[in-house]
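Keep the picture beside you as you read.

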Amino acid sequence: MKLELHKVKVTDLKWGDKTLFDGGTLYVNKAEIEEMLLEDERFAKVSVDFAKPGESVRILPVKDVVEPRCKLEGENEVFPGFIGDVDTVGCGKTLVLSGAAVVTCGRIVGFQEGIIDMSGPGADYTPFSKTNNVVLVFEPKEGLEKHEYEAACRMAGLKTAHYLACAVKGAAADEVETYELPCFAEAMKSHEGLPKVAYLYMLQSQGLLHDTYVYGVDAKKILPTLIHPNEVMDGAIVSGNCVSACDKNNTYSHLNNPVIKEMYARHGKDFNFVGCIITNENTTLADKKRSSSYAVKLARLLGVDGLIITEEGFGNPDTDLIMNCRKAEKAGIKTVLLTDEYAGRDGASQSLADACSEADAVVTAGNANEVVVLPKMEKVIGFPEYADIIAGGFDGSLREDGSIETEIQAITGATNELGFNRIAAYTG
Amino acid sequence: MAYRVVHYINQFFAGVGGEEKADYRPEARDGAVGPGLALNGALGGDAEIVGTVICGDSYFADNIEEAKKQILELIAKFEPDAVVAGPAFNAGRYGTACGAVCEAVANELNIPTVTGMYEENPGVDMFKKATYIVKTADSARGMKDAIPVMAKLVLKQLRGEPIGKPEEEGYIPKGVRINYFADKIGAVRAVDMFVKKLKGEPYTTEYPMPVFDRVPPNPPVANLAEATIALVTSGGIVPKGNPDHIEASSASKYGEYSLAGVESLSAETHETAHGGYDPTYANENPNRVLPVDVMRELEKEGVIKKFHETFYTTVGNGTSVANAKKFGAEIAQKLKDANVTAVIVTST
């Protein structure tokens with residue numbers, strides 16, 4: 001499977017009569033987007049705004065972030081099961097508006113949405129202070145159930161991302177990246193002497209708005225399965241999560257999964273990257289046992305020597321992470337785990353809800369309980385009063401002067417467990 | 001103006017005497033004494049030892065609360081900006097005193113502290129969370145290596161400079177997770193570590209997992225009617241008045257008490273020493289935590305042969321794993337020596 005990502009760099013956003021791209025600037029027709037989204041009868045109101053790097057702007061409560069992409073060539077369309085049909089993606093050419101993002105913002109669960117600051121100390125913690133954000137703020141029709149509202153917001157983010165990318169078709173790419181991995185028969189014969197490795201990609205699937213979709217299928221209903229990393233780049237995995245903002249994998253980070261990117265970069269040099277296994281994080285013990293055994297069995301069938309395992313979320317999924325690790329190591333497969341920590345505000349508590357001695361190679365995305373003060377921003381997009389009830393915030397988080405005292409847990413993408421950021425932790 | 005530092009040392013390093021002078025009472029002297037001279041030099045003029053407080057190790061160990069109070073008063077009189085204690089190397093009582101003094105200074109005077117100890121000094125486990133403990137050799141031969149590290153750490157704190165990782169700064173980890181921004185993103189660090197692990201090269205995990213003992217349960221008691229059963233609790237039930245002063249949290253000891261002739265516990269005879277839960281119901285009827293009444297009934301009914309008439313108790317509230325392990329091993333041995341068949345362990 002071969003996929004070319006045609007990356008067009010967006011360096012600025014401006015309102016325009018027509019949505020188009022010119023000289024690095026993405027012109028956005030606000031009315032057209034609002035009209036398009038209001039076709040969904042579940043919304044009472046939709047407003048579109050911009051948040052650019054360096055501005056004194058705060059966005060909250062943030063639900064998801066999506067990178068604008070669309071297919072240029074090849075089968076189907078991005079976000080299969082939502083925008084595209086359910087057929088296979090991951091081949092051909094895909095247009096990427098790099099440097100731009102669609103941020104969806106709405107009062108869904110409230111305490112499980114996040115904060116994005118475009119400047120100040122909070123900006124250091126979120127990847128989305130560096131993107132030019134088209135922010136969608138939703139208000140639902142009265143009486144709309146939360147899960148319906150979530151589905152509507154999810155769809156609106158994907159639609160807008162696809163709409164923006166489509167408007168840029170024809171623009172010259174600043175950069176073309178090519179990603180290709182062969183079929184297994186060929187992969188197994190290639191790169192003799194290098195260890196065979198795979199990526200075990202854990203997807204949040206605790207349910208009740210803690211959901212991830214694969215080709216439109218709710219991930220808690222899947223058995224672990226194989227996925228080509230290129231499919232992920234075309235939006236085969238979509239976030240439907242309302243969990244703590246810091247370590248849920250928003251759709252943007254699935255599309256740009258840095259583990260996949262880095263494994264591609266080292267493929268053929270340090271190891272033979274044969275593919276990805278996706279698995280879920282269901283809540284029952286039977287599901288956890290079944291999925292961890294099944295995922296490790298797939299790794300054994302592939303005959304890999306090593307697995308990188310990434311977690312999504314924390315607490316309950318820590319047990320899935322540890323089961324995956326222990327079963328893989330017992331099968332002779334070397335593992336490295338990517339997780340984050342909940343070591344308490346003082347950092348003195350045990351970081352994960354589970355542990356095993358086999359987990360001797362762990363990379364941490366930091367302690368999500370660290371408290372920071374986010375100073376007042378000149379402009380707030382969304383609903384600032386939600387600072388008090390966002391996970392990681394606490395009563396009084398939003399101070400009278402407009403600043404927010406909160407755990408970094410409340411910051412979108414702060415401790416992303418795909419290893420998106422530089423943040424880490426040590427024992428001091 | 002130079003920062004004011006007070007140095008705490010024991011009778012031996014003060015030149016007062018050895019073990020025969022270990023009951024030496026707290027005393028303050030102006031300026032640096034003994035190892036303080038080298039420390040003063042290492043502080044390099046930015047900070048100065050304005051006074052030294054000396055105490056005998058036995059005096060401290062035998063009169064902890066009183067000694068701490070006296071020492072704190074003597075220290076406070078110098079109006080210090082920071083306190084350095086030791087280094088104590090592998091001297092257990094001295095290490096404990098250094099740690100306790102630093103902890104009290106941090107809590108009461110709210111100023112930076114540093115001490116130094118050998119890794120296996122019992123003071124390390126007790127106080128590593130409360131103060132920076134510089135890792136030293138096991139004897140005074142390590143003095144010249146320890147002093148500059150201790151001086152640097154106290155100066156950094158005084159200047160409000162960030163303290164780096166334990167291996168960079170030379171202190172024993174306090175066990176606190178601290179965030180920082182690494183040079184590379186997590187995914188790149190993970191793949192780097194992965195390649196090293198695949199090649200069998202050394203790598204350092206970023207999160208050393210706590211590893212817990214997994215104790216396989218014993219087989220069930222085959223014949224209860226022939227069994228002697230004991231009670232052990234971490235719920236803190238003690239004879240009224242807590243005669244051995246088991247701490248309400250972070251227990252450093254356990255109690256061993258007779259139940260000979262006791263049919264049932266009562267609010268008049270027993271209470272809980274535990275500080276981690278609402279004690280109302282345990283104090284009202286201590287059998288709720290240590291079910292002596294039920295055990296006696298089972299004994300009378302012949303369900304069990306005998307109720308063991310000694311119970312063991314401690315407080316599991318923040319008590320260190322090291323202490324809990326030690327208590328557990330000792331209690332288990334005593335129960336085995338007394339031919340106890342099985343034990344019921346109750347929590348809070």
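The largest cavity has a volume of about 30 Å³. The model is predicted, so local features need pLDDT of at least 70 and side-chain atom pairs count only at pLDDT 80 or more, while totals for chains, interfaces and linings use all residues. Residues are numbered from 1 along each chain as its sequence is written, chains are lettered from A and ligands numbered from 1 in the order in which they are written, and side-chain values use heavy atoms, leaving out hydrogens and water.

How many cavities of 30 Å³ or more does the structure hold? There is 1. Here a cavity is a set of points, on a 1 Å grid over the protein atoms alone, where a 1.4 Å probe fits but cannot get out, and lining residues have an atom within 4 Å of a point. Grid points are joined across faces, edges and corners, and a volume is the space filled by probe spheres set on the points.

Chain A lines the largest cavity with Thr364(A), Ala365(A), Thr415(A), Asn416(A), Gly419(A), Phe420(A), Asn421(A) and Ile423(A), and chain B with Gly186(B) and Arg189(B). Strand S21 (362-367) of chain A and helix H8 (186-199) of chain B are the elements giving two or more residues to this lining; helices (H or I, at least four residues) and strands (E, at least two) are DSSP runs numbered from the N terminus. By class, the lining has 3 nonpolar, 6 polar and 1 charged residues. In this scheme Ala, Val, Leu, Ile, Met, Phe, Trp, Tyr, Cys and Pro are nonpolar, Asp, Glu, Lys and Arg are charged, and the others, Gly among them, are polar.

A pocket is an open set of grid points with protein on both sides within 12 Å along at least five of seven lines. Of the 37 residues lining this one, Tyr252(A), Asn256(A), Lys261(A), Phe420(A) and Ile185(B) are closest to its centre.

Which helix gives the most to this lining? That is H6(A), with 4 residues. The lining divides into 17 nonpolar, 9 polar and 11 charged residues.

## Where helices of two chains pack

Two packed helices are described by the angle between their axes and the distance between the axes. Helix H6 (residues 258-266) of chain A packs against H8(B) at an angle of about 45 degrees, with the axes 9 Å apart. Axes are lines fitted to C-alpha atoms, for helices over the stretch in contact, and angles run from 0 to 180 degrees between N-to-C directions. This angle makes H6(A) oblique to H8(B): under 35 degrees counts as roughly parallel, over 145 as roughly antiparallel, 65 to 115 as roughly perpendicular and the rest as oblique.

The crossing of H6(A) and H8(B) is right-handed; that is the word if the near helix is turned clockwise from the far one by less than a right angle, and left-handed if anticlockwise.

## Helix pairs inside chain A

Helix H7 (residues 285-302) and helix H8 (residues 316-330) of chain A have axes that come within 9 Å and cross at roughly 35 degrees. H7(A) and H8(A) cross in a right-handed way. Their contact has 5 nonpolar, 5 polar and 4 charged residues.

Now look at helix H1 (residues 30-38) and helix H2 (residues 146-166) of chain A, packed at about 140 degrees with their axes 10 Å apart. H1(A) and H2(A) are therefore oblique to each other, and their crossing is right-handed. Glu32(A), Ile33(A), Met36(A) and Leu37(A) of H1(A) meet residues of H2(A) including Tyr163(A) and Leu164(A).

A cis peptide bond joins Leu60(A) and Pro61(A), with omega about -5 degrees, and Pro61(A) sits in strand S6 (residues 57-66) of chain A. In chain B, a cis peptide bond links Gly86(B) and Pro87(B), with omega about 15 degrees. Pro87(B) lies in the loop between strand S4 (82-85) and helix H4 (92-108) of chain B.

Although His191(A) is not a glycine, its phi is positive, at about 50 degrees. You will find His191(A) in the loop between helix H3 (184-189) and strand S13 (196-204) of chain A.

Notes: Contact means heavy atoms within 4.5 Å.
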